[in-house]
Amino acid sequence: MNKINGNLEKIVIAIPEVAKGQSFVGASLPPLGVTRIAKMARARFPYLEVEVLDGVQIGQDQLRGRVREMSSKSLLGISAHTSLNWTNCLEIIEDSPTDKIVVGGIHAEGDRCGKYIAQNRGLDVIQGQGEIALIQYVEYILGKRKKEEVDNLIYLDKNKGLRENKISRQSQEFFPFVDYESFLDVSDYSRVFRNQFLTGDIGFTMVSPEGCKWQDMNKKRGGYCLFCDIGTEYLLHDPRFFGRWIEDHVKRYGHHGKVFMVNYADETTGAGLGWWTEVLSNMPKNIKPHEDYGIKIYTKSGKGFFYSDKLADVFWRLGVEDIHVGFEAVTDEDLRSLHKGSTVRHHERVVEIAKNYGFRIIGSFVLGAPLATKKSLEGCISFVDRMKESLGDKVAVVTGSPLLPLPGSPSWEMLRQEAYHRGKHLDLFETDNPDLYQARRLWYDWFCDKLCIECGGVDSALGYVKEISDKLNCMGSLPTPENQFG
Ligand code: B12
Ligand code: SF4
């Protein structure tokens with residue numbers, strides 16, 4: 001349990017790297033979320049030292065060493081930024097010389113694993129946005145606020161009862177832009193970035209609204225991609241914000257070369273032509289698209305999502321160069337079963353548009369739709385072949401990943417229900433540290449029946465999927481980044 005004593009000198013926010021299956025290659029993008037909470041904490045408590053340790057950048061071993069050196073007068077903030085780094089988070093927590101610990105990040109959302117983290121390990125958890133919640137938590141540590149007054153906090157009360165405080169959420173433009181350089185050496189990120197596939201010298205995450213527009217638009221029709229766990233209500237930005245964000249980063253980091261904004265916004269693509277036209281008309285005139293900066297966007301195919309020439313034209317004029325398309329599957333049956341809301345015709349339309357405007361494509365596939373067949377998976381390879389015939393080297397990167405059910409996603413929920421129905425493997429769902437590779441195996445066993453029958457069992461089906469995945473990963477003109485989960 002945390003000690004409240006006002007005896008606090010330092011706040012350290014640590015991001016452990018992903019635990020399994022990833023060879024350490026260094027990070028290409030500095031972390032937006034934790035650097036922003038660190039900036040806000042520093043502004044609020046100028047007398048405290050605030051440090052960010054990015055284990056994705058320095059590696060887990062070095063991170064462990066740095067945490068061991070911390071004093072007991074520090075607060076350790078742990079970022080469980082994916083369910084896949086939780087094992088490494090636990091390792092860091094075990095080593096911690098301080099008992100003032102708070103956990104945040106995607107994996108620590110209440111309905112994913114946050115409640116289990118508080119209940120089973122007695123740790124304090126901040127779910128959702130951390131900017132204001134961390135400040136309130138530090139005030140609690142300093143004895144200036146009660147625990148029940150810390151927004152977004154999940155914790156155990158004196159009687160070991162689970163408490164979940166109210167969740168508050170702000171639109172992103174409420175927060176300041178991040179000056180990464182006052183926390184991290186961005187030239188280290190830039191070095192890795194240049195070696196990777198993106199068109200620019202230095203890259204930054206630019207998350208536009210949070211949540212997913214596609215989910216919100218399709219709530220009534222059950223739109224929520226089977227493998228995705230974003231699941232937050234969508235907040236649409238003020239379109240003037242977009243240009244200001246880019247301008248800020250060009251000014252701040254332009255001395256490193258061409259700035260590349262990586263806009264994780266398949267949701268924003270769904271905001272439609274009107275919204276994007278407003279973004280374009282509000283772009284500052286002193287920064288030049290394709291020269292001072294470029295943009296990569298994440299999108300899916302489908303009406304409203306990268307479908308019309310008009311929208312593509314706006315994107316090009318805004319500076320978009322790379323398009324990451326979540327194709328996921330190439331038969332209408334598989335796409336339907338993944339709740340993707342796209343058809344093969346929509347995929348073909350994306351290729352046409354990329355050809356017309358010269359966008360580079362990064363295409364991803366999820367291999368494990370319910371009732372997928374050998375033929376439907378092999379189709380992904382012929383689809384990429386056809387795309388290459390049309391776009392040549394502009395098919396920059398291709399990735400094929402076996403479906404991994406993540407806590408909080410619809411596929412996880414299907415698995416949980418099936419487990420209860422069968423009365424098997426229930427323990428997988430009653431922990432904060434589920435074995436995700438076992439979950440994947442069960443997914444194929446219970447839901448990919450056709451593939452398992454064709455291949456002669458779940459192990460051979462998984463072997464076959466790996467074969468297709470390996471082939472796809474070699475099909476782009478540039479090397480596939482190593483952190484794809486095979
Ligand atoms: C940008 C991004 C990346 C970038 C990260 C760049 C970087 N250095 O930041 C890259 C491309 C590298 C990446 C890689 C991966 N990612 Co990613 N990524 C995202 C994305 C799109 C946005 C994250 C973001 O910046 N959000 C905005 C910031 C402001 O929020 P945030 O980071 O969540 O942080 C806030 C809170 O969570 C909280 N918080 C976070 N940490 C802490 C710590 C403390 C102490 C506190 C108090 C609060 C707190 O406060 C922050 C501010 O509000 C999310 C999807 C999404 N919309 O969130 C997926 C997402 C996080 N990624 C995901 C995954 C799976 C991965 C990979 C494992 C993919 C893969 N197969 O390789 C890798 C892991 C890489 C690694 N080595 O660790 C999943 C995680 C799902 C899960 N349950 O595990 C997500 C949710 C997407 C999805 N649904 O699939 N990713
Ligand atoms: S994968 Fe699907 S549910 Fe997830 S953010 Fe993209 S469109 Fe939305």
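This report describes the domains, ligand shell, nonpolar core and selected local features of a predicted model.

Residues are numbered from 1 along each chain as its sequence is written, while chains are lettered from A and ligands numbered from 1 in the order in which they are written. Because the model is predicted, local features need pLDDT of at least 70 and side-chain atom pairs count only at pLDDT 80 or more, whereas totals for chains, interfaces and linings use all residues.

**Domains**

The protein chain is assigned domain 1 (10-156) and domain 2 (196-473); such bounds come from an automatic or database domain assignment. The C-alpha centres of domain 1 and domain 2 are 28 Å apart. In the contact between them, domain 1 takes part with 16 residues and domain 2 with 14 residues. Two residues are in contact if their C-beta atoms, placed from the backbone, lie within 7 Å. On the side of domain 1 that touches domain 2, helix 4 (86-95) and helix 5 (110-121) each supply at least two residues, and helix 5 gives the most, with 7 residues. Helices (H or I, at least four residues) and strands (E, at least two) are DSSP runs, numbered from the N terminus. That side of domain 1 divides into 8 nonpolar, 4 polar and 4 charged residues. Ala, Val, Leu, Ile, Met, Phe, Trp, Tyr, Cys and Pro count as nonpolar, Asp, Glu, Lys and Arg as charged, and the others, Gly among them, as polar.

**Ligand 1**

Ligand 1 has 42 residues around it, of which Gly33, Gly77, Ser79, Gly104 and Gly130 come nearest. A residue is near a molecule if its C-beta atom, placed from the backbone, lies within 6 Å of it. Helix 1 (32-44), strand 3 (74-79), strand 4 (101-104) and helix 6 (131-141) each provide at least two shell residues; the largest share, 5 residues, comes from helix 1. By class, the shell holds 22 nonpolar, 16 polar and 4 charged residues. Ligand 1 lies between domain 1 and domain 2, because both give residues to its shell.

**Nonpolar core**

The largest nonpolar core has 130 residues, and Ala14, Tyr137, Met261 and Ile361 have the most contacts inside it. Helix 6 gives the most to this core, with 7 residues. Both domain 1 and domain 2 contribute at least three residues to the core. Such a core is a set of buried Ala, Val, Leu, Ile, Met, Phe, Trp, Tyr and Cys residues joined through C-beta atoms within 7 Å. A residue is buried if 20 or more other C-beta atoms lie within 10 Å of its own, exposed if 12 or fewer, and partly exposed in between, with C-beta atoms placed from the backbone. Leaving out residues up to four places away in sequence, Met261 touches Phe204, Met206, Ile246, His249, Tyr293 and Ile295.

**Helix 17**

Helix 17 (residues 436-447) has 12 residues, which at 1.5 Å a residue should span 16 Å, and its end C-alpha atoms are 16 Å apart, in agreement. The expected span is 1.5 Å times one less than the number of residues. Its buried residues are Leu436, Ala439, Arg440, Leu442, Trp443, Tyr444 and Phe447. They pack against strand 13 (395-402), helix 16 (410-422), helix 18 (449-455) and helix 19 (458-473).

**Positive phi values**

Most residues other than glycine have a negative phi.

| Residue | Phi | Loop |
|---|---|---|
| Leu371 | about 65° | between strand 12 (360-367) and helix 15 (374-391) |

His339 counts as buried because it has 20 C-beta neighbours inside 10 Å. Leu371 has 13 C-beta neighbours inside 10 Å and therefore counts as partly exposed.
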